[in-house]
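Hi,

Here is the structure I promised to pass on to you. Have a look at it first, and then read my notes below.

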Amino acid sequence: MELFLQSIINSFIQGGFFALWAVGLVLVFGVMGVVNFAHGELVMVGAYTIWVLHAQYGTPYLWSLCLAILLVMMIGLAMERFLFRPKQGDPLGGLINSIGVLFILQVVAHVVGGTGPAKQVAPPYAGTMIIGELLRIPYQRLFALAISAVALLLLWYFLTRTKLGWSLRAVAVDREAAALQGININRTSAIAIGVSGALAGLAGGLMAPMTNIYPTMGHNVLITAFIVTIVGGMGSLSGAVIAAVLYAFLHTFVTVYVSGTIATMCGLLIMVVVLIIRPTGIMGKRVSE
Amino acid sequence: MTKTPKEVFQARFGRRRFLGTALAGAGAAILGSFPRISIAGTKTVKLGMNIPMTGDYAPWGLPGLYGCQIIANNLNTDGGVKIGGDRYMIEMVAYDHGYDTEKAIQGFKKLALQDKVKMVMMLGGSTVGSVLPFAMRRKMLTSTLLPSDITPETPYLVAPCESHPLYNVTGVEWLARKNPNAKTAVIITTNDIEYGKQSAATYNAAFEVEGIKVVDVNFHGFDVVDFAPIVSSLLAKKPDIFCMATDVYTTPIVEQLFHQGYKGKIVSCTLDGYQDVIAKTSKEFVEGLTYQFPDFDDPALNKPGINFPDPGGFDMAFNKDHAGEWSAVAWEYPSILLNWVEAAKAAGSVEPVAVTDAMKADSSPPHTFGPGKWWGKELWGLSNAVVGDWPVVAINNGKARIQEFRSVYNWLQKYNNVLKKHMQALDLRTV
Amino acid sequence: MISPRIISIVVLLVGLVILPHFLKFHHQDFLIFLGINILVVVSYRLMTLTGEWSLIHIVMMGVGAYTSALLSKSLGVSFWISMPMAGISAGFVAALLCFPLFRMTQFYFLIGSFAVGEAIRLAWIYFVKPFGGSSGINNVPPPEFWGLDFMEPIIYFYLVLTIVTICLFILYRIENSRIGLTLHAVHWQAPLAESVGVDTWRYRSLAFIIASLFVGIAGALKVHYLGIVTPHQFGVGTMVFVLIWVILGGYNTFWGPILGAVVLSVLDESFRTFEALRPAIYGALLIAGIMFLPKGFESIAPKVRAWWRSSRASPSP
Amino acid sequence: MALLEANNVTMRFGGITALDDVSFSIQEGEIRGLIGPNGAGKSTMFKNIAGFYPPTQGDIVFAGNSICGKTPHAVARLGIVRTFQETTLFQELTVFENVLVGCHLQARTNVFSALFGADRAKQAKAKQKALEVIDFIGLSDRKEQLASALPLGSQRALATAVALASDPKLLLMDEPFAGMNTEETKHMMDLTTKVVESGITIVLVEHDMKAVMGLCGYLTVLNFGGLLAEGTPEEIRANEQVIEAYLGGTA
């Protein structure tokens, strides 16, 4: 029982992260049609920023977090301007570019942090909230959950209630039509990857105090993000969020009651099943003839 | 080891350092590619390292190279080593195989044939597997950190330093004696063969010998980002001892134990960077946490019989240039280098076969933590691993200190059948 | 009168036969793996002819490698039987996967194939019997033939050269046959192809199966030289390199991927002296390549030819 | 007996009903115009016949057996081939190669015969056939040009050729005259008549009334997914509803 409740809490916290990772990937793919293989590395950069600023130079955590978001956003924008924009309409080119960035960022991380054991960041919000002697939630994780929830809500508001967000969605639905309606594709692309970068930076910054920080940590992030986005539907943000939480639950409970490896296998197989039954994901739009 | 992260960082980013780091690779490369201008009357002997320096496995390669360069420089500045009437300068040549089997065999041949090194140090596992056919045929002395690579067909493959994971039995022994009323234990480890399952088998055996019941073993993949679920499921078994048969994930796991209010004892294989662990939990929580890898500034390492020159000085030198990169391999490869020097002196030659024979001829070969014994026939069909004493380390108010040295050899002599049983239970190769 | 193409190919083959004798040390091994990787990329290109890019190709190589390793090690089957069996089993697995995979297209196919492949890899890790878990299967015996010593790089290189050449020839024939034309049609105008009676699903599957079959053989070649097969060898990391070779080499001609594999492997090897910094240099190279040669290395060839012609047309005094 | 019969065909996408209980039949050797204002369901009907998707209700019978739920290539094998709106061609192939792809049904082969050239005779025949078709539509002089290099008129002709290459019994032409100038239209009309004379039944969807009236012996008019009227061009011209529908459609 205790384990069951604890697992539910764990699932939600994990779900929050999965959603942050996935949503960024969806945005960039939806709006720019590029699969950003370096997305995981962006998260990694976010985490390293916290390690440098907060753990090494003692900058307050919240400031470091903001700077991390800013930095990663900048990297994203740079990628859009110099790598993705020239490769518009050439997804494979964009893919290769993102792989190049992936390699480079990993080495930068290696130069900054060196090898040896993974970097660690002491949690700024130490301590654990204990509910009725059977639920224990570290304040750091509570904080992370809250922030990711807020971030996702803000994103939802931005996309559904603002003119810019509307133009983003328009481009995601039909690039040409949007362009005809006078929407500036380059600008929307920049916004999309900016937001995506910001979310990646945020995710990295929130993860930093709870996980191992090492140059190749982006790999797992990317794979999970893929699973989530596919199950959720590549075009659909709400789908990504729902799928993230579902996947987190599945993964947590299978891990707890069966095995971690089996859990990952299940994730992949479910992804395939979803693709077979509904090639555009649970929330994805039907592709018409 | 006892630097604050801040110092660590400035050490890394002092103007001199930063360039240094950025060019470390290129620098090492140059060291490798150009033969050192040797002083008149001295020769140069090259020793190879076929290790991962990039990718996920880099932490088990690069620090070792740094350590070896420190030791080699020390020996060279002392005028080199005297082998068979000649003075030899020692030169380390490294090849990065990124833990890829294809590149491992190419790297091995480059080192053996092009650089003409006299020994090749490797990490172990599949990369060693891919070079063995060539290495054994060529009679090239090869060292691994995983004795489980040894088979009856590998006379030139030695594991003279880390007898992973056999030494873990000492920690369990010590802990059990300190806590006679501990009755149950859980084990968490990775689902791979080389590290995870070997360790799990060893710990299973060690606990059985101490009459402690292992109530759950969790094999997890390398894709775990959050250990909360696994730790919760293990703690649900209410163990007296929580055993971490893993290296990379110790910090997040201990952190979870802390947050989930674990009260019992913790035994681990390693605890690299334990200041971080303390920072993430609390001094009180990690008090008495038992593991196997000492800081090298530990005074206990200055006792006679330790076969490692000036551990404290080595530790300082390493942290001066490579602060925060310390991991067990940082001293293990150097220790193998030292073993080679001793054997070469004894053999009066640097030729691989001669050195190997000299090594094997020594009935009590110099092991890092005191005289050792050749062992392994019982498990792998060939006694090419050196086992001797191994330190049991525990955290005493925020500082890792060696509690005592216990003999791995004696344990194995008594209980290797138990170990064998548990290895076979996990489908691990034994004779 | 023999066509210049035939002549150049013959010259190339002769060159390859004598080449290893001029190489020393580990470069012969480098050549062996390069040969195997060439088979990998060329078979992958056949798949991409239908316009579908998969991430499962390297896992199919693994299927072949595991098959051959298990057959020759546990059943003592000879290499000369286990190698074709490797191809067949890879093709068979591919055939089984056609149903789920080809319900998807484009990006969904890319990711779907990745998921299936990763699941297969995890299975190798999880089921220690018979796959040997993470440490895989080792001591896989080398081929035997007339008492030749196939652990000698040069001899094994000749084996690889022979088999790869045959496979490339077959793949070339297929691409330039009616089937190649139809695959092309399926790629560029699936609906039109359908309307004139082409079963596009069948042809996508066909391409996938053939590609898997040949990459399976490549897997057998690899495992019998290395003597060891592990799940780690067939991770998405390796697949990324195959993608890079094919895309940067250029996938519009038969030779593009080969060019990509050769050039990039050589560069990668020469970067090794930079140790930890190597991936960054490689990454920068990728970006430069795709930016300045969007059509791949192959697109240089015509330019060079044009330049050559012009320079001969107007010989400078 | 009729070559093609549509019996009470109904097609719904989600909410909207694209075809509502449409029935008609087409005799062998005739050239039938399928007309109607935009959104009348002409293209949907086409796609139903060509097997791109099966009707929600009703049945389509070709030469005596039902073709409902058959995939496009299966339908093609039975002898129903369609051309596409706009010019859907293999732009990066030559005229000859385009038509050669069209010959798929005669020329299709398996890997082994392709490898060992066992299908050489077959391929030769296909090439022969392709040349004939090219000659038939009068593109012989440009057969080595890239499809993309052709002017619109010739591209349409080529599209027809690709279809003809798979020698169909029934040819569905989707707006073959759209965007053509009078001269091109003229040429295309001649071609179409030639095709019919060669014994192929044609159904064409077209907006260009002049062309339709000129070509077709019999017309079927759809409106809002329903069958509005059928008859000879004269009858249709005189039909009040049709005029009304078109005015409504255009107004």
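**Where chains A and B meet**

The contact between the two takes 43 residues from chain B and 30 residues from chain A, where two residues are in contact if their C-beta atoms, placed from the backbone, lie within 7 Å. On the chain B side that touches chain A, at least two residues each come from helix 1 (5-13), helix 2 (15-33), helix 3 (62-77), strand 8 (213-220), helix 8 (228-235), helix 9 and helix 10 (274-280). Helices (H or I, at least four residues) and strands (E, at least two) are DSSP runs, numbered from the N terminus. Helix 8 of chain B gives the most to this side, with five residues. By class, the side of chain B that touches chain A has 19 nonpolar, 15 polar and nine charged residues. Here Ala, Val, Leu, Ile, Met, Phe, Trp, Tyr, Cys and Pro count as nonpolar, Asp, Glu, Lys and Arg as charged, and the others, Gly among them, as polar.

Before going on, please note that this is a predicted model: local features need pLDDT of at least 70, side-chain atom pairs count only at pLDDT 80 or more, and totals for chains, interfaces and linings use all residues. Residues are numbered from 1 along each chain as its sequence is written, while chains are lettered from A and ligands numbered from 1 in the order in which they are written.

Five pairs of chains touch, and the most contacts among them are between chains A and B. Chains B and D, on the other hand, share no contact, and their closest C-alpha atoms lie 33 Å apart.

How many residues of helix 9 (residues 250-259) of chain B are buried? The count is 10 of its 10 residues, so this helix is mostly covered; buried means that 20 or more other C-beta atoms lie within 10 Å of a residue's own, exposed means 12 or fewer, and partly exposed is in between, with C-beta atoms placed from the backbone. Among the buried residues of this helix are Pro252(B), Glu255(B), Phe258(B) and His259(B). After helix 9 of chain B comes Gly261(B), with a positive phi near 70°.

A nonpolar core is a set of buried Ala, Val, Leu, Ile, Met, Phe, Trp, Tyr and Cys residues joined through C-beta atoms within 7 Å. The largest one has 427 residues, and Ala22(A), Val23(A) and Ala161(D) are those with the most contacts inside it. Helix 10 (residues 200-226) of chain C supplies the largest share of this core, 17 residues. As for Val23(A), leaving aside its neighbours within four places in sequence, it is in contact with Leu152(A), Leu155(A), Leu199(A), Leu237(A), Ala240(A) and Val241(A).

**The two domains of chain C**

Chain C is assigned domain 1 (26-234) and domain 2 (236-317), with bounds that come from an automatic or database domain assignment. Taken over C-alpha atoms, their centres are 24 Å apart. Domain 1 of chain C puts 19 residues into the contact and domain 2 of chain C puts in 15 residues. Helix 2 of chain C gives the most to the domain 1 side, with 10 residues. That side has 12 nonpolar, four polar and three charged residues.

**Chain D overall**

Chain D holds 11 helices and 10 strands. Its C-alpha trace spans about 60 × 40 × 35 Å along the principal axes, and 45% of its 251 residues count as buried. Of the contacts in chain D with a separation of 6 or more, 67% are between residues 24 or more positions apart.

Are they buried or exposed? Glu175(D) counts as buried because it has 20 C-beta neighbours inside 10 Å, whereas Phe224(D) has 17 and so counts as partly exposed. Glu175(D) lies in the loop between strand 7 (170-174) and helix 8 (182-197) of chain D, and Phe224(D) in the loop between strand 9 (218-223) and strand 10 (226-231) of chain D.

There are cis peptide bonds too. One joins His164(B) and Pro165(B), with omega about -5°, and Pro165(B) sits in the loop between strand 6 (157-158) and helix 6 (168-178) of chain B. Another joins Lys129(C) and Pro130(C), with omega about 5°; Pro130(C) lies in helix 6 (residues 128-131) of chain C.

Cheers
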